[in-house]
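Me: I'm new to reading protein models, and I'd like to understand where the labels come from. Could you walk me through this one?

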Amino acid sequence: MMKRWVTLLLAVLTMFALTACGSEGGKAAPKAENATASKAGEEAKLPPAAADPAKSKILVAYFSCTGNTKALAEKAAKALHADIYEIVPEKPYTSDDLNYNDETTRATVEQKDDSARPALADKNADVAGHSSIVLVYPIWWGQAPRIVDTFLESYDFTGKTMVPICTSGGSDIGSSADYLAKLTRGKANWKDGKRFAASDSEDEVKEWLKSLGL
Ligand SMILES: Cc1cc2nc3c(=O)[nH]c(=O)nc-3n(C[C@H](O)[C@H](O)[C@H](O)COP(=O)(O)O)c2cc1C
């Protein structure tokens, strides 16, 4: 009788062991996934800079159609060793769209409508992973292009330091930065902005940005 129980017990233990091996063997990939998941979990607890030391805490986000603002954004990113992101419209602006001599063209029509929100091509800016955002835009009819409004309303800027800088044909930054600041509803910390001319050197851009102590 005893021997039968021992045999039965051994059989049950063997089955259990086989099932366990089977499940572990069959789940080789999930085991690796679990390892990754716990690693990701650990990383998630660290501040972004510590999670990826190669990453800057500053993101330069820019919108540019004819290149002037892109050039300024690149100077800023270089000066600050910042990451850079281009705000791209889902529907690109043609040169006809930008013709401000014709008030019926796209850019001008959008600027006259403060509820216009041209769609973004993507929402992949890593705003969450950066503590300061340098926002770089051209002046269109005294303000930032409406797509910059779309950008600001598409992410959470809570607690971020925001630095607005712009290019233009001659106008100053005017009320454009104050208008943008309203779109983050008091949740972000906006610094005073500045307009740069295309002729402003990399060093001039650098000196001004460095003075902010980001
Ligand atoms: C629709 C439109 C409106 C503009 N309005 C102004 C303006 O009010 N004041 C100004 O100085 N420049 C104005 N500009 C000129 C741009 O601000 C300037 O060319 C800017 O550097 C363009 O930047 P980008 O080359 O990065 O697109 C306007 C340009 C466009 C297309």
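Me: Let's start with Trp-141: what makes this residue partly exposed?

Reply: Trp-141 has 13 C-beta neighbours inside 10 Å. A residue is buried at 20 or more and exposed at 12 or fewer, so with its 13 neighbours Trp-141 falls in between and counts as partly exposed. Trp-141 sits in the loop between S3 and H6, and its phi is positive, about 50°, although it is not a glycine. Do keep in mind that this is a predicted model.

Me: And why is His-81 called exposed?

Reply: His-81 has 9 C-beta neighbours inside 10 Å, and the limit for exposed is 12 or fewer, so His-81 counts as exposed. His-81 belongs to the loop between H4 and strand S2 (83-86). It is not a glycine, yet its phi is positive, about 50°.

Me: How do you know whether Pro-145 is buried or exposed?

Reply: Pro-145 has 27 other C-beta atoms within 10 Å. Since 20 or more is enough to be buried, Pro-145 is buried. Pro-145 lies in the loop between S3 and H6.

Me: Which residues does Pro-145 touch, leaving aside its neighbours within four places in sequence?

Reply: They are Phe-63, Ala-107, Tyr-137, Pro-138 and Trp-140. A contact here needs C-beta atoms within 7 Å.

Me: Why are the buried residues of H7 said to be on the same side?

Reply: The buried residues of helix H7 (residues 176-183) are Ser-176, Ala-177 and Leu-180. They cover an arc of only 90° around the axis, which puts them on the same side of H7.

Me: Which residues of the largest nonpolar core touch the most other members?

Reply: That core has 39 residues, and the ones touching the most other members are Val-60, Ala-61, Ala-76, Val-134, Leu-135, Val-136 and Val-148. H4 gives the most to this core, with 6 residues. Take Val-134: beyond its neighbours within four places in sequence, its contacts are Ile-58, Val-60, Ala-76, Ala-82, Val-163 and Ile-165. In soluble globular proteins, nonpolar side chains tend to be buried together.

Me: Where is the pLDDT below 50?

Reply: The average pLDDT of the protein is 83, and 75% of the residues score at least 70. Over residues 5-50 the pLDDT is below 50, and this stretch has 6 contacts in the model beyond near neighbours in sequence.

Notes:
Residues numbered from 1 in each chain as written. Predicted model: local features only at pLDDT ≥ 70, side-chain atom pairs only at ≥ 80, totals over all residues. Helix = DSSP H or I, 4+ residues; strand = E, 2+ residues; numbered from the N terminus. Arc of directions from axis to C-beta. Contact = placed C-beta atoms within 7 Å. pLDDT = per-residue confidence, 0-100. Core = buried A, V, L, I, M, F, W, Y, C linked by C-beta atoms within 7 Å.
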